[in-house]
Amino acid sequence: MGLVIKALLFDFDGTLVDTESIDLRCWREVFDAHGVELPVERFALRVGTLTGPNELDELDALLEAPCDREAVTQARRGRELELLELEPLRPGVAAYLEDAESRGIRVGIVSSSSRSWIDQNLRRLGLGDGWQTIVCADGDTERCKPSPALYLEALDALGIDADEALAIEDSPNGITAAHAAGLFCVAVPNDVTSGLDLSHADVLIESFEDVPLAELLAHVP
């Protein structure tokens, strides 16, 4: 390994917590309730970003008459929160965070989601403290992934160079953003993103449990 890694920058949705599978399940239930099939290949385009297809537009395109968007949104949101309450950290994440702390490696979150969403989930998981930086798009489609803006902001906040940090992602959009910011990127796909093209990641591992942090750091040039 070359330079010492000083920070791990985690994507949130789908990487730390598998919210992507919950999101897909909830939208699939919505489409099923309207008697149509969710176009999964279109859904995949919005993973990790804010600029993908709008699911309600996709739904209306398959219906004879427009859906009740307010009712659908409210019901889907309630179902999402119901399922989310049962969703833990992805296996192996806790060990990564503990190992990083023991090694003096700082940890941050870089997400296209909103800060309120991240904070809500961290509180639920008892992980509100210990993050040296949390950078979120907060609805800004100019800064969200695949733009490198969020990662560059995180590096600036930590006062480190790109080659001193490691990005951990689950989606093509996230990997592209990390690389555009000059970061070495590790992909850890979930059930939703495992079928997507993640070949541009520097390293791909199936689970955090499969590769301990010390072993992963050895892959960084």
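**Close-up views of a predicted model**

**View 1. Ser171 in the loop between strand E4 and helix H8.** Ser171 is found in the loop that runs between strand E4 (165-169) and helix H8 (172-180). The model shown here and in the other views is predicted. With a relative accessibility of 1%, Ser171 counts as buried, because buried means under 20% relative accessible area. Leaving aside residues up to four places away in sequence, Ser171 touches Val47, Gly48, Thr193 and Leu198.

**View 2. Helix H3 and its surroundings.** Helix H3 spans residues 55-62, and its buried residues are Glu55, Leu56, Glu58, Leu59 and Asp60. These buried residues pack against three elements: helix H1 (19-33), helix H2 (40-43) and helix H4 (69-84). The N-terminal end of H3 is capped by Asn54. In this cap, a side-chain oxygen of Asn54 lies 2.8 Å from the backbone nitrogen of Leu56. Leu56 is also one of the buried residues of H3.

**View 3. Packing of helix H1 with helix H3.** Two packed helices are described by the angle between their axes and the distance between the axes. For H1 and H3 the angle is about 25 degrees, and the axes are 11 Å apart. H1 and H3 are therefore roughly parallel to each other, since angles under 35 degrees count as roughly parallel. Their crossing is right-handed. On the H1 side, the residues in the contact are Trp27, Val30 and Phe31. On the H3 side, they are Glu55, Leu56, Glu58, Leu59 and Leu62. By class, the contact of H1 with H3 has six nonpolar residues, two charged residues and no polar ones.

**View 4. Cys26 in helix H1.** Cys26 lies in helix H1. The relative accessible area of Cys26 is 1%, so Cys26 is buried. Not counting residues up to four places away in sequence, Cys26 touches Arg76, Arg79, Glu80 and Leu83. The C-alpha atoms of Cys26 and Ala75 are separated by 9.4 Å, and the two residues are 49 apart along the chain.

**View 5. Packing of helix H4 with helix H6.** Helix H6 covers residues 115-125, and the axes of H4 and H6 come within 12 Å. The two axes cross at roughly 35 degrees. From H4, the residues that take part are Arg77, Glu80, Leu81 and Leu84. They meet Trp117, Gln120, Asn121 and Arg124 in H6. The contact of H4 with H6 divides into three nonpolar, two polar and three charged residues.

**View 6. Ser113 and Asp138.** Ser113 is found in the loop between strand E2 (106-111) and H6. The side chain of Ser113 makes a polar contact with the side chain of Asp13, at 2.4 Å. Beyond residues up to four places away in sequence, Ser113 touches Asp13, Ile118, Cys136, Ala137 and Asp138. Asp138 lies in the loop between E3 and H7. Its phi is near 50 degrees, which is a positive value in a residue other than glycine. Asp138 has a relative accessible area of 49% and is partly exposed.

**View 7. The cis peptide bond at Pro146.** Lys145 and Pro146 are joined by a cis peptide bond, with omega about 15 degrees. Pro146 lies in the loop between strand E3 (133-136) and helix H7 (149-158).

**View 8. Helix H7 and its cover.** The buried residues of H7 are Ala149, Leu150, Tyr151, Ala154, Leu155 and Leu158. What covers them includes strand E1 (7-10), E2, E3, E4 and H8. H7 is followed by Gly159, and the phi of Gly159 is positive, near 70 degrees.

**View 9. Arg106 in strand E2.** Arg106 is found in strand E2. Arg106 is partly exposed, with a relative accessible area of 28%. Apart from residues up to four places away in sequence, Arg106 touches Lys6, Ala7, Leu8, Gln132, Leu158 and Ile160. Of these, Leu158 is one of the buried residues of H7. The C-alpha atoms of Arg106 and Pro88 are separated by 22 Å, with the two residues 18 apart along the chain.

Conventions: Residues are numbered from 1 along each chain as its sequence is written. This is a predicted model: local features need pLDDT of at least 70, side-chain atom pairs count only at pLDDT 80 or more; totals for chains, interfaces and linings use all residues. Side-chain values use heavy atoms; hydrogens and water are left out. Buried means under 20% relative accessible area, exposed over 50%, partly exposed in between (1.4 Å probe, protein chains only). Helices (H or I, at least four residues) and strands (E, at least two) are DSSP runs, numbered from the N terminus. Contact means heavy atoms within 4.5 Å. A polar contact is a pair of N or O atoms within 3.5 Å; within protein, one must be able to donate a hydrogen and the other to accept it, and residues adjacent in sequence count only if both atoms are side-chain atoms. Axes are lines fitted to C-alpha atoms, for helices over the stretch in contact, and angles run from 0 to 180 degrees between N-to-C directions. Angles under 35 degrees count as roughly parallel, over 145 as roughly antiparallel, 65 to 115 as roughly perpendicular and the rest as oblique. A crossing is left-handed if the near helix is turned anticlockwise from the far one by less than a right angle, and right-handed if clockwise. Ala, Val, Leu, Ile, Met, Phe, Trp, Tyr, Cys and Pro count as nonpolar, Asp, Glu, Lys and Arg as charged, and the others, Gly among them, as polar.
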